[in-house]
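Visitor: I'm new to this one. Could you show it to me and then take my questions?

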Amino acid sequence: MFDLLIRNGTVVTAQGSFPWDVAIQGGKIAATGPHGSLGQAKEVLDAAGKLVLPGMIDPHVHIHHPFKGGYSADDFATATRSAAFGGVTTVCDFAIQWDKEKTLAETCALRRSQFEGQSYTDFTFHACPTRSDPETVAELPGLIAGGVPSAKLYMTYSRQDRMSDDAALCEALKVTAAHGGLVGVHAENDAMCCYYSDQYQRVGKTSPHYFPLCKHNLVEAEAVNRAIYLAKATGGRLYIFHLSCRESLDLLRTARAEGVQVYAETCIHYLTLDDTYYDRPDGAQFICSPPLRSKADVEALWEGVREGLIGVVSSDHCGFSLENKASGCNDFTATPNGLPGMETRLAALYTYGVRTGRISLPQLVALLSTNPARVFGMYPHKGDIRPGSDADLVLFDPEASAVISPEILHSPVDWNPYDGQELYGRAETVLLRGEALIRDGVCCAAPGAGRFVERRAEDMDLNT
Ligand code: URP
Ligand code: ZN
Ligand code: ZN
């Protein structure tokens with residue numbers, strides 16, 4: 001007798017779509033098999049007409065992100081609750097060393113304590129050093145061995161005092177060559193960011209229209225090129241966060257063909273929005289770094305996804321409110337960077353990707369769940385529907401649709417990039433380790449349902 005049986009659905013994994021039932025026991029997937037083949041359970045969920053997907057993993061989110069003395073609009077409970085409505089069962093946030101007096105290990109411990117007792121979803125984070133000294137780099141092996149085997153280094157933001165220099169990047173990559181793990185980069189050339197931003201400010205060209213011209217493609221591609229060069233020279237393992245333009249993609253293609261250990265994600269907004277948004281009256285809301293790009297870049301990114309060069313689509317969620325955004329007074333140099341996106345990522349990729357025929361359902365699952373699990377050391381516990389995996393599951397109604405507005409979402413963030421757009425697909429029921437986070441569209445969990453995910457360097461696989 002199983003605890004729970006999900007019957008009559010279509011199971012979709014990165015491998016294909018299958019007319020299977022799924023049996024759950026003790027929070028794990030106990031068995032999968034053809035409809036009607038698995039026996040009895042204490043409870044049955046009928047998934048007829050629904051897709052049964054592995055729980056979504058968002059490997060790039062910023063929760064409770066500091067800004068001008070305050071924080072973005074959502075906290076650890078509200079952000080992860082909203083994410084769960086979008087089918088997300090695991091989030092990877094960032095333990096940013098804002099307080100340089102704290103070690104990286106202390107910073108990670110603090111981040112963990114902020115999630116504990118609050119998070120609805122399972123959670124982990126990337127270590128994010130802001131000090132470029134040998135002592136900080138020397139902490140990485142301990143973190144890699146201790147369940148936080150990935151880092152993010154900012155190649156820009158010197159003026160916000162959170163940039164890592166090239167020496168730290170080089171040495172961090174050497175650490176991954178020796179100990180495994182992964183160094184992620186926010187790849188933008190800092191000198192160019194400062195120079196062009198000053199130049200645009202001097203001539204008063206600071207409206208959102210000028211933002212993508214200021215942080216143009218070369219600003220990103222030069223940094224991507226440098227990071228790839230260092231990964232190649234050191235044998236290190238590199239992850240490129242939010243890759244957004246053709247030039248970066250070309251560098252990635254060449255590097256991967258040469259066997260460099262580099263993996264890349266793009267974000268849902270770079271696939272679905274473009275730089276014309278900056279000419280809208282609400283253009284300032286769409287300020288994010290890197291900026292939204294041209295339609296030609298958007299098409300190039302879709303090609304990169306189809307080729308398998310880009311293996312992950314994250315949200316880079318950063319939930320600034322309209323008030324936060326308006327504090328910049330329509331000046332891109334003063335507007336907080338980032339877009340909300342955790343709750344809508346699945347429906348947006350389903351709408352723009354699967355329904356348009358650009359990608360298949362198994363590809364969607366790979367991009368949003370299986371590949372993030374493999375790359376960041378959570379597979380096979382997360383990211384798949386197979387015996388032994390955590391029973392993190394989404395019963396997804398592919399026919400449901402909704403016109404997006406803050407009222408139908410579940411976030412304190414009072415706007416969304418897709419406001420007014422019809423998005424298809426709804427995560428109707430979401431299970432975390434066999435327990436319902438969302439049931440028939442209603443949240444039935446409490447803060448603290450989510451646990452810290454201890455990740456393993458040995459399980460990190462860039463060949464996916
Ligand atoms: O624009 C972006 N990517 N914002 C996310 C938060 C940050 O400052 O890194
Ligand atoms: Zn970034
Ligand atoms: Zn980010």
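Visitor: Which residues are linked in a network of salt bridges?
Guide: Bear in mind that this is a predicted model, where local features need pLDDT of at least 70, side-chain atom pairs count only at pLDDT 80 or more, and totals for chains, interfaces and linings use all residues. Residues are numbered from 1 along each chain as its sequence is written, chains are lettered from A and ligands numbered from 1 in the order in which they are written, and side-chain values use heavy atoms, leaving out hydrogens and water. A salt bridge is a side-chain nitrogen of Lys or Arg within 4 Å of a carboxyl oxygen of Asp or Glu. The network built from such links holds Lys28, Asp122, Lys382, Asp390, Asp392 and Arg433.

Visitor: How many salt bridges are there by this rule?
Guide: Side chains of opposite charge can pair when their charged atoms come close. By this rule, the salt bridges come to 32.

Visitor: How far apart are the closest N and O atoms of arginine 111 and aspartate 93?
Guide: These two form a salt bridge. It links distant parts of the chain, 18 residues apart, with arginine 111 in helix H2 (residues 104-115) and aspartate 93 in strand E12 (residues 88-96); helices (H or I, at least four residues) and strands (E, at least two) are DSSP runs, numbered from the N terminus. The closest N and O atoms are separated by 2.6 Å.

Visitor: Are aspartate 122 and arginine 433 buried or exposed?
Guide: Aspartate 122 and arginine 433 form a salt bridge, with the closest N and O atoms 2.7 Å apart. Aspartate 122 sits in strand E13 (residues 122-128) and arginine 433 in the loop between strand E21 (422-432) and strand E22 (435-439), 311 residues apart. The cut-offs are under 20% relative accessible area for buried, over 50% for exposed and partly exposed in between (1.4 Å probe, protein chains only). Aspartate 122 and arginine 433 are both buried.

Visitor: Which aspartate pairs with arginine 246 in a salt bridge?
Guide: Here the closest N and O atoms are 3.0 Å apart. Arginine 246 lies in helix H9 (residues 246-257) and its partner in helix H11 (residues 295-307), so the pair ties together parts 51 residues apart in sequence.

Visitor: Which residues coordinate the zinc ion (ligand 2)?
Guide: Donors are N, O and S atoms within 2.8 Å of the metal (3.2 Å for Na, K and Ca), and water is not among the atoms, so sites may look incomplete. In sequence the donor residues are spaced K-x33-H-x55-H. Two of them, lysine 152 in strand E14 (residues 150-154) and histidine 186 in strand E15 (residues 182-186), are 34 residues apart, so this pair ties together separate parts of the sequence. At 2.1 to 2.2 Å, the zinc ion (ligand 2) is held by Lys152 (NZ), His186 (ND1) and His242 (NE2).

Visitor: Which side chain is 2.7 Å from a nitrogen atom of ligand 1?
Guide: Ligand 1 is surrounded (heavy atoms within 4 Å) by residues including His62, Tyr154, Cys288 and Asn337. One of its oxygen atoms is 2.8 Å from an N or O atom in the side chain of arginine 162, and an oxygen atom lies 2.7 Å from a backbone N or O atom of serine 289. The nitrogen atom, in turn, is 2.7 Å from an N or O atom in the side chain of aspartate 316.

Visitor: How many residues are in the largest nonpolar core?
Guide: A nonpolar core is a set of buried Ala, Val, Leu, Ile, Met, Phe, Trp, Tyr and Cys residues joined through side-chain atoms within 4.5 Å. Among the residues with the most contacts inside the largest one are Leu53, Leu238 and Leu364. Apart from it lies another core of 14 residues, including Ile29 and Leu393. The residues in the largest core number 128.

Definitions and conventions
Polar contact = N/O pair within 3.5 Å; in protein donor to acceptor, adjacent residues only side chain to side chain.
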